[in-house]
Amino acid sequence: MTQKVAVLGTGKIGEALLSGMIRGGWAPADLLVTARRAERAEELRTRYGVTPVTNAEAAKTADTLILTVKPQDMGTLLDELAPHVPADRLIISGAAGIPASFFEARLAAGTPVVRVMTNTPALVDEAMSVISAGSHASEADLAHTEEIFGSVGKTLRVPESQQDACTALSGSGPAYFFYLVEAMTDAGILLGLPRDKAHDLIVQSAIGAATMLRDSGEHPVKLRENVTSPAGTTINAIRELENHGVRAALIAALEAARDRSRELASGNNQ
């Protein structure tokens, strides 16, 4: 791992990547960071031993540039980087909704671009990172990207045409589960439980259910049926979920997230 990697716009996800890479064997001396505020850059230097630089210095020095700024700030960042990025630099974008062609049109001809949608469980090394190649990205570029993002969770390659759907499912996905846990906690309080006990019951149930889904190899319908006894409590609860259109609401919510990702790709940031 002798290549230099720069994380530009190092927020929470960027910091999670840095810490994961260091745990995975990257030397802090080979990791560069940029941050909008000088005190944030110094904080990263103190915490991880990485080197704060300007965006232009990162473009000139690093072999791989990971762009983690917000989608609405990406055009401005690329205008700043373009004069300094040679065509052999690997550009990895973590911006929701922005296609690889957006970067390719603003950088030197032939610049390899890889688009990645990760999610906030990167903070606990349980991310799901979806990786797509731009027009000029090679197998080596994809493997290098997998190596980086594999340090904070799982990776999956998909065609770029599927990125908007993946953004809706896994990029935004943790928020749906947090929303569900919030609602179930409120229900537990309504049923007479203290908030802390309701929270603990639901969180551990969620962890156990997710582990079973991951490790058992069983279809979720089968796992649900195993809990659903005839005329029991579970089937009564599921009947109410169906009566209230929860399944349809989830499908509509995911379609809305996908459509917003497409809007971002078209330049509508409002």
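Which residues does the UniProt annotation "domain: Pyrroline-5-carboxylate reductase catalytic N-terminal" cover?

1. That annotation, from an unreviewed entry, covers residues 4–97; UniProt positions follow the numbering used here, feature names are shortened, and annotations may be inferred rather than shown by experiment. Please keep in mind that this is a predicted model, where local features need pLDDT of at least 70, side-chain atom pairs count only at pLDDT 80 or more, and totals for chains, interfaces and linings use all residues. Residues are numbered from 1 along each chain as its sequence is written, and side-chain values use heavy atoms, with hydrogens and water left out.

2. Residues 4–97 are 40% helix and 19% strand, with the end C-alpha atoms 27 Å apart. Helices (H or I, at least four residues) and strands (E, at least two) are DSSP runs, numbered from the N terminus.

3. UniProt also places "domain: Pyrroline-5-carboxylate reductase dimerisation" at residues 160–264, again from an unreviewed entry. Here the chain is 83% helix and 0% strand, and 15 Å lie between the end C-alpha atoms.

4. The domain assignment gives domain 1 (5–163) and domain 2 (172–265); such bounds come from an automatic or database assignment. To their contact (heavy atoms within 4.5 Å), domain 1 brings 6 residues and domain 2 brings 4 residues. The centres of the two domains, taken over C-alpha atoms, are 33 Å apart.

5. Between them, domain 1 and domain 2 bury about 450 Å², 60% of it on carbon and sulfur atoms. Buried area is the accessible area (1.4 Å probe) that two parts lose on being put together, summed over both.

6. Now to the charges: the structure holds 20 salt bridges, each a side-chain nitrogen of Lys or Arg within 4 Å of a carboxyl oxygen of Asp or Glu. Across the interface of domain 1 and domain 2 there are 0. One of the salt bridges joins Arg 47 and Glu 43 (3.3 Å, N to O). These two are 4 residues apart in helix 2 (residues 38–48), so about one helical turn separates them.

7. Finally, Leu 241, Val 246 and Leu 250 make a nonpolar surface patch of about 240 Å². Leu 250 belongs to helix 12 (residues 246–265). Patch residues have over 30% relative accessible area and no salt bridge, with like charges joined within 9 Å and nonpolar side chains (Val, Leu, Ile, Met, Phe, Trp, Tyr) within 5 Å. Accessible areas come from the Shrake-Rupley method with a 1.4 Å probe; for residues, only the protein chains shown count as cover.
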